[in-house]
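This briefing is meant to be read alongside the sequence and the coordinates.

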Amino acid sequence: IVLAPVLELPIEEPVGPSSYELLLKNYSKLSKGFADESVGVLTGSKPVRRFKRSRDARALVIARSEFKCEYDKCTGMPPDVDSQGKPILEVDHIVPLSEGGSDRPSNMIAICPNCHRAKTIGLNKKRIAKEFLKIVGNKEQLLNLALN
């Protein structure tokens, strides 16, 4: 495996739609609009707990990330894009909904699949989650200052 050739794909800067620019411009106002009540259990035919998730909150987090992994210790995002030409990012709830976390951008972070796995199953997942909360808090504070 060590000697296997590395697949080198061209890394192109994605062109984000203007809707993301609008989201960033109105980040502070929009972020405050997500109520804690939006978290709830959806019931279905199976006895499985499912939680309401806001697509708008997810889009706001992606806009905040500027299409990059928000973890400052990221060792590298996948050198590919999705079918829409955007970087491969996942939005994760820092405090899981199942543990009482909210579906607000302040509890969400855009991270690459590698960082997501480290936060989900890694030996240091609790420390990483605390770091994520600080990262998101700092970003939101900077956005609020810049937009006010």
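A nonpolar core is here a set of buried Ala, Val, Leu, Ile, Met, Phe, Trp, Tyr and Cys residues that are joined through side-chain atoms within 4.5 Å. In this model, which is predicted, the largest nonpolar core has 27 residues, and those that touch the most other members are I62, C69, Y71, I109, I111 and F132.

**Overall layout**

- The protein chain contains five helices and four strands, and, read from the N terminus on, these elements follow the order α-α-β-β-α-β-β-α-α.
- Of the 148 residues of the protein chain, 34% count as buried.
- When contacts in the protein chain between residues at least 6 apart in sequence are considered, 65% of them join residues at least 24 apart.

**The largest nonpolar core**

- At least two residues of this core are supplied by each of α1 (18–25), α3 (55–65), β4 (108–111) and α5, and the largest share, six residues, comes from α5.
- Leaving aside residues up to four places away in sequence, I111 touches C69, Y71, L89, E90, D92, H116 and F132, and among these C69, Y71 and F132 belong, like I111 itself, to the core members that touch the most others.

- Helix α5 has 23 residues and spans 32 Å from its first C-alpha to its last, which is close to the 33 Å expected at 1.5 Å a residue.
- The buried residues of α5 are I128, A129, E131, F132, I135, V136, E140 and L143; as a general point, an α-helix has 3.6 residues a turn, so residues three or four places apart point the same way.
- Helix α4 (residues 113–121) packs with helix α5 (residues 125–147) at an angle of about 120°, their axes lying 6 Å apart, and the two helices are therefore oblique to each other.
- On the α4 side the contact involves C115, A118, K119, T120 and I121, which meet K125, I128, A129 and F132 of α5; by residue class, this contact divides into six nonpolar, one polar and two charged.

**The loop between α3 and β3**

- Most residues other than glycine have a negative phi.
- E66, although not a glycine, has a positive phi of about 55°, and E66 is found in the loop between α3 and β3 (90–93).
- F67, also not a glycine, has a positive phi of about 65° and lies in the loop between α3 and β3.
- F67 counts as buried because its relative accessibility is 13%, and the cut-off for buried is under 20%.

Notes. Residues are numbered from 1 along each chain as its sequence is written. This is a predicted model: local features need pLDDT of at least 70, side-chain atom pairs count only at pLDDT 80 or more; totals for chains, interfaces and linings use all residues. Side-chain values use heavy atoms; hydrogens and water are left out. Axes are lines fitted to C-alpha atoms, for helices over the stretch in contact, and angles run from 0 to 180 degrees between N-to-C directions. Angles under 35 degrees count as roughly parallel, over 145 as roughly antiparallel, 65 to 115 as roughly perpendicular and the rest as oblique. Contact means heavy atoms within 4.5 Å. Ala, Val, Leu, Ile, Met, Phe, Trp, Tyr, Cys and Pro count as nonpolar, Asp, Glu, Lys and Arg as charged, and the others, Gly among them, as polar. The expected span of a helix is 1.5 Å times one less than its number of residues. Buried means under 20% relative accessible area, exposed over 50%, partly exposed in between (1.4 Å probe, protein chains only).
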